[in-house]
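Thank you all for making time this morning.

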Amino acid sequence: MTLLIYLLAALAEIAGCFAFWAWLKLDRSPLWLAPGLASLALFAWLLTLVPSEAAGRAYAAYGGVYIAASLVWLWLVEGQRPDRFDLAGAAICLVGAALILLPQRG
C-alpha cells in the first residue's frame, strides 16, 4: 500500500509542478495554476498516509520514488526517453529509498 501511496503522491506532485512549468515556461494560461495547486495539496495529503513514525523518513524515502516517477513523466508526457544515466541514477535512488523505508525499527 505504501508504494501505491508514493506513486500517487509522485503523480500529484509532478502534475502540480508541471502546471507551474507550463504557465511560466510554456506560456500557458494562469488558469493552469488552479489544478496545479489542487494537485500539490493532494500530494501533501497523500504523504500523510504513509505509515511512518517520522515525517522526514517518509519524505526521504519518497524522494527515490519521485525521481523514478519524474523519469517516467519525462518519457510519457514530454516524449524524451531517459538515457542509461537517468535509469542508473533512478535505480540507485530506489535502492536508497528501500533502505530508508523497509527496515523494521525498534
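In which helix is Val65 found? Before I answer, please keep in mind that what you see is a predicted model. Val65 is found in helix 3, the helix that covers residues 55-76. With a relative accessible area of 9%, which is under the 20% cut-off, Val65 counts as buried. If we leave aside the neighbours within four places in sequence, the residues in contact with Val65 are Tyr6, Leu7 and Leu94. For a sense of distance, take Ala34, which is 31 residues away from Val65 along the chain: the C-alpha atoms of these two are separated by 25 Å.

Let me turn now to the pairing of helix 1 and helix 2. Two packed helices are described by the angle between their axes and by the distance between those axes. Here the axis of helix 1, which spans residues 2-25, and the axis of helix 2 come within 8 Å, and they cross at roughly 155°. Because angles over 145 degrees count as roughly antiparallel, helix 1 and helix 2 are roughly antiparallel to each other. The crossing in which helix 1 passes helix 2 is left-handed. On the helix 1 side, the residues that meet helix 2 include Ile5, Tyr6, Ala12, Gly16 and Trp23, while on the helix 2 side those that meet helix 1 include Leu33, Gly36, Ser39, Phe43 and Leu47.

Ser39 has its place in helix 2, which runs over residues 33-47, and, at a relative accessible area of 13%, Ser39 is buried. Apart from neighbours within four places in sequence, Ser39 is in contact with Ala12, Ala15 and Gly16. With Gly16 there is also a particular approach, in that the side chain of Ser39 reaches the backbone nitrogen of Gly16 at 3.5 Å.

Finally, the cysteines: how many disulfides are there? A disulfide is a covalent bond between the sulfur atoms of two cysteines. The count for this model comes to zero. Cys17 is in no disulfide, and the nearest cysteine sulfur to that of Cys17 belongs to Cys93, 17 Å away. Cys93 is likewise in no disulfide, with the sulfur of Cys17 as its nearest cysteine sulfur.

Note on methods: Residues numbered from 1 in each chain as written. Predicted model: local features only at pLDDT ≥ 70, side-chain atom pairs only at ≥ 80, totals over all residues. Heavy atoms only, no water. Helix = DSSP H or I, 4+ residues; strand = E, 2+ residues; numbered from the N terminus. Buried < 20%, exposed > 50% of the residue type's maximum accessible area, 1.4 Å probe, protein only. Polar contact = N/O pair within 3.5 Å; in protein donor to acceptor, adjacent residues only side chain to side chain. Contact = heavy atoms within 4.5 Å. Disulfide = S-S within 2.5 Å. Axes fitted to C-alpha atoms, helices over the stretch in contact; angles between N-to-C directions. Parallel < 35°, antiparallel > 145°, perpendicular 65-115°, else oblique. Left-handed = near helix turned anticlockwise from the far one by under 90°.
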